[in-house]
Amino acid sequence: MSHIDEQTRVEQISDWYLREQLDFDKRLIGFRYQSLKPHLQGPEGLELGPAEGEMTQFLLQDFARLTSVEGSGDLLANIPDAPNLLKVHALFEDFEPDSQFNTIVMEHILEHIDEPVALLQRAKQWLAPGGKILAGVPNGNSIHRLVAVKMGLLKHSCELNKRDYALGHRRVYTPETFRQDLEASGLCIAEMGGVFFKPVSNQQIQENWNQEMIQGFYELGKDFPEYAAELYAVCELP
């Protein structure tokens, strides 16, 4: 895909985050942050693909300076300014940092981009000594996807569904394929985990579940990472 086509694609997808995102989608981002928080180390942080800044607001607490790189100008404009926030409007392929980072957060990025391994290899070069890359992706082995196969809604658990297309996903990872891409980039995986045990869709959870249920299924996801809604990995340089 050409550079211009990719920029157009990014801008088109941005509308979903501003118009279609559910309150529970945002709650899930909070849970993803809680899972990553023990691994965040400053003072310099890099966030790739902040969208409209739902996780950015949390990450700002953890870094003396946070650089957030977003391909959509509309989404970037929705992120509130902060004294320790540097907002950069660029495709990841064009981003050239002027310093290194102690932590690079790549949450829900790898399923969107054309060449995930190539991006991971680039990001490795931006790490300060002892730095970490924290990557997160939706899980094809999530219980809600496995049951969708049993119901005949999906041919296989990693088939792109209507929501995947709306979000511009190019692939759905499993724990195995996620690990393969991380290791193919030359990173060492220090830890992998799962976030939220999700038996039904986000829409169904938002409409029918109370806060106690939501919190309980977040805790359950820690016990069944292979089948959780989201996967995360803590990666280091060899």
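The legends below describe views of one predicted model.

**View 1. Overall fold of the chain.** The chain has 10 helices and seven strands (DSSP runs, H or I of at least four residues for helices and E of at least two for strands, numbered from the N terminus). Of the 238 residues, 51% are buried, meaning under 20% relative accessible area with a 1.4 Å probe, protein chains only.

**View 2. The pair F95 and W126.** The ring centres lie 5.2 Å apart and the planes meet at 85 degrees, so the pair is edge-to-face (rings of Phe, Tyr and Trp, the last by its six-membered ring, pair if their centres lie within 6.5 Å; planes over 60 degrees apart are edge-to-face, under 30 stacked and the rest tilted). F95 sits in the loop between strand 3 (85–89) and strand 4 (101–107), and W126 in the loop between helix 5 (116–124) and strand 5 (127–138), so the pair ties together parts 31 residues apart in sequence. F95 is buried, at 6% relative accessible area; W126 is buried, also at 6%.

**View 3. An aromatic cluster.** F24, F31, F196, F197, W209, F217, Y218 and F224 form one cluster. The count of aromatic pairs in the model is 10.

**Notes.** Residues are numbered from 1 along each chain as its sequence is written. Local features need pLDDT of at least 70, side-chain atom pairs count only at pLDDT 80 or more, totals for chains, interfaces and linings use all residues, and side-chain values use heavy atoms, leaving out hydrogens and water.

Terms used:
Buried < 20%, exposed > 50% of the residue type's maximum accessible area, 1.4 Å probe, protein only.
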